[in-house]
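Have the sequence and the 3D view ready.

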Amino acid sequence: MNWFARIERSIADFVERSFARTFPSDLEPAQIARKLVAVMEAQTRSSVDGGNRAPSAYEARVSELDYERLGEHRDYLERQWADLLEDCAARVGIVFSDGPARVRMIARADLPAGTVDVRVEPEPTVDEAIGAEPSHRYFLHMVQGAPAYGIFALEESTVIGRSEAADIFLLDPGISRVHARIDIRDGEATIVDCESTNGTYINDVRVDRHVLNDGDEIVVGSTRMRVEIRD
């Protein structure tokens, strides 16, 4: 039996064993399983010892809607997906580069329902490996709202909203579940309103998209946050 046939058999066995019941989502866990295996295959490389090595950690990125529907099963699904990767790897002689296979399901506001984006998790930096805080340049300081005096470090893409899956989760009834997103590209941070009900304001002016500058104040609902840029 060739490599691909063995992997297909592994996926079929996994689906039959793990998903006998129907999950309440247009995005089926088996669809995510197949995408995970495909990414593992694509990322497999020959090592100096003649073996095949694949990354150990993966992110299964799904829409807010699919995450809400599958969220209660998250721990179970992540374990089953990781077991599938281990099974497929064992059948075709793949070794994982950093311990057992690991899968995280995360919600993304920029993904439409029914789609999945699987990516390899980036390996930790030296600072992260020794427990130091990763370096950030853009921060939001809470001026008005909860948590009082909160400080949020901005990642490459940061979602602000009332959904618990948001990167910056705010308990403010005037904020949409997915209210706004801040993207950092080429050293520049841009805030984008995600068609929120009450709008996104920069320095009290409503915007759809705005390049952030040091000292800008972002207002969403009754929450006000100030931008700090550190060199």
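## Terms and ground rules

Two strands pair if DSSP finds at least two bridges between them. Helices (H or I, at least four residues) and strands (E, at least two) are DSSP runs, numbered from the N terminus.

This is a predicted model, in which local features need pLDDT of at least 70, side-chain atom pairs count only at pLDDT 80 or more, and totals for chains, interfaces and linings use all residues. Residues are numbered from 1 along each chain as its sequence is written, and side-chain values use heavy atoms, with hydrogens and water left out.

Start at Val 159, which belongs to strand 9 (residues 157–161). Its relative accessibility is 8%, so Val 159 counts as buried (under 20% relative accessible area; exposed is over 50%, partly exposed in between; 1.4 Å probe, protein chains only).

Leaving aside residues up to four places away in sequence, Val 159 is in contact (heavy atoms within 4.5 Å) with Ala 109, Ala 166, Asp 167, Ile 168, Val 178, Ala 180 and Arg 181. Arg 181 lies 22 residues from Val 159 along the chain, yet their C-alpha atoms are 4.4 Å apart.

## Strand 11 and its partners

Strand 9 and strand 11 run antiparallel and are joined by four bridges. Within strand 11, Asp 183 stands opposite Ser 157.

Strand 11 also pairs with strand 12 (residues 188–193), antiparallel over six bridges; here Ala 180 has Asp 193 of strand 12 as its bridge partner. Two residues separate strand 11 from strand 12 in a hairpin, and Asp 186 in the turn has a positive phi of about 50°.

Why is strand 11 (residues 180–185) largely enclosed by the rest of the structure? Because five of its six residues are buried.
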